[in-house]
Structures are given as structure tokens and as C-alpha cells.
Amino acid sequence: MIAFYAEVKWVHVFTVLCSGMLFLLRGTLMQMGRAQWANYAPLRYLSYTIDSVLLTAALMLFTMLPSALFANGWLTLKLLLLPVYIVLGVFALRASSSKRRRLICFVSALGVFAFMLSVARSHHPLGIFNWMG
């Protein structure tokens with residue numbers, strides 16, 4: 001299975017970017033007062049599909065390199081930040097929340113997502129802050 005590592009990693013990275021772009025689109029629609037478009041069934045199902053492929057690729061990578069999870073702190077940090085991003089994203093896309101709460105959660109979720117990207121790119125728990133030092 002390790003022979004397919006590069007391909008699985010490519011799928012993982014591609015779906016991370018697709019997931020982030022779709023969240024950015026849906027969150028922006030919510031901020032513009034277009035909740036019916038942000039929660040349009042095909043967009044939601046596309047989000048579920050992309051995130052399912054993303055999770056599958058991540059699990060495949062984990063099975064290829066099982067010791068990687070605890071061998072370095074950056075991967076562990078990414079996994080710890082994932083639920084934070086998900087919860088913030090849920091509140092950002094929830095029509096029943098106040099507009100201010102949605103905005104705070106949306107911006108915070110984008111910040112967590114960007115930090116997770118920087119951690120993954122640098123392979124260091126400090127992510128972008130490691131580059132600055």
C-alpha cells in the first residue's frame with residue numbers, strides 16, 4: 001500500500017483545498033444573508049462528499065504510516081485542531097445563530113483552517129509562527 005503514498009497524499013491535499021474553498025463560499029453566502037444558497041442541498045452534499053474523501057485519504061495515510069501520529073507533534077496538533085475547526089464551521093453556517101456570532105465563528109474557523117495548513121506545510125507544530133522566528 002505504501003506504493004500509493006504519493007497518490008493518496010495528493011488526494012488528501014486536493015480535498016483539503018476543496019473543502020476549505022467550499023467552506024469559504026458557503027460562509028461568505030451566509031454573511032451576505034443568503035442562507036438558502038449556503039445551505040442549498042447540492043452544496044451540502046458536495047461538502048459531505050469532499051469531507052468523506054478527505055477523511056478516507058487521511059485514514060489511508062495513517063494506515064501507511066501508523067507511527068507518524070505520535071512521532072511528531074505537528075500531526076497530533078492538526079488532529080486536535082480539526083474538531084475546533086468543525087465546531088466553529090457548524091456555528092458559522094447555522095442560520096439560527098446571530099449574525100455577529102456567525103461572523104466571529106466564520107473568521108475563527110478560517111483562521112484555524114489557515115493555521116492547520118501552515119502546520120501541515122511546515123511539518124512543525126508552530127506552523128507559520130515557526131517560519132517567522
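In what order do the elements of the chain run from the N terminus on? The order is α-α-α-α-α-α-α, and the chain holds seven helices and zero strands. Helices (H or I, at least four residues) and strands (E, at least two) are taken as DSSP runs and numbered from the N terminus. The model is predicted, so local features need pLDDT of at least 70 and side-chain atom pairs count only at pLDDT 80 or more, while totals for chains, interfaces and linings use all residues. Residues are numbered from 1 along each chain as its sequence is written, and side-chain values use heavy atoms, with hydrogens and water left out.

Along its principal axes, the C-alpha trace spans about 45 × 35 × 20 Å. Of the 133 residues in the chain, 35% are buried; buried denotes under 20% relative accessible area, exposed over 50%, and partly exposed the range in between (1.4 Å probe, protein chains only). Accessible areas come from the Shrake-Rupley method with a 1.4 Å probe, and for residues only the protein chains shown count as cover. Contact is defined as heavy atoms within 4.5 Å. Among contacts between residues at least 6 apart in sequence, 64% join residues at least 24 apart.

Helix α1 has 27 residues and reaches 39 Å from its first C-alpha to its last, close to the expected 39 Å at 1.5 Å a residue. The expected span is 1.5 Å times one less than the number of residues in the helix. Just after α1, Gly33 takes a positive phi of about 80°. Helix α6 (residues 99–122) has 24 residues, and its reach of 34 Å between first and last C-alpha is close to the 34 Å expected at 1.5 Å a residue. A positive phi of about 55° is found just after α6, at His123.

The buried residues of α6 include Arg102, Cys105, Phe106, Ala109, Val112, Phe113 and Met116. The buried residues of this helix pack against α1 (5–31), α5 (73–92) and α7 (128–132). A nonpolar core is a set of buried Ala, Val, Leu, Ile, Met, Phe, Trp, Tyr and Cys residues joined through side-chain atoms within 4.5 Å. In the largest such core, which has 25 residues, Phe23, Tyr85 and Val112 touch the most other members. Two or more residues each are given to this core by α1, α3 (41–64), α5 and α6. The most come from α6, with eight residues. Not counting residues up to four places away in sequence, Tyr85 touches Gly20, Phe23, Ala109, Val112, Phe113 and Met116.

In helix α3, Ser47 is buried, because its relative accessible area is 14%. Ser47 touches Leu22 and Arg26, residues up to four places away in sequence not being counted. Ala41 also lies in helix α3 and is partly exposed, with a relative accessible area of 28%. Ala41 and Phe129 are 88 residues apart in sequence and 38 Å apart in space, C-alpha to C-alpha.

Phe129 contributes, with Leu126, Ile128, Trp131 and Met132, to a nonpolar surface patch of about 560 Å². Patches are made of residues with over 30% relative accessible area and no salt bridge, like charges being joined within 9 Å and nonpolar side chains (Val, Leu, Ile, Met, Phe, Trp, Tyr) within 5 Å. A salt bridge is a side-chain nitrogen of Lys or Arg within 4 Å of a carboxyl oxygen of Asp or Glu. Trp131 lies in helix α7 and counts as partly exposed, at 48% relative accessibility.
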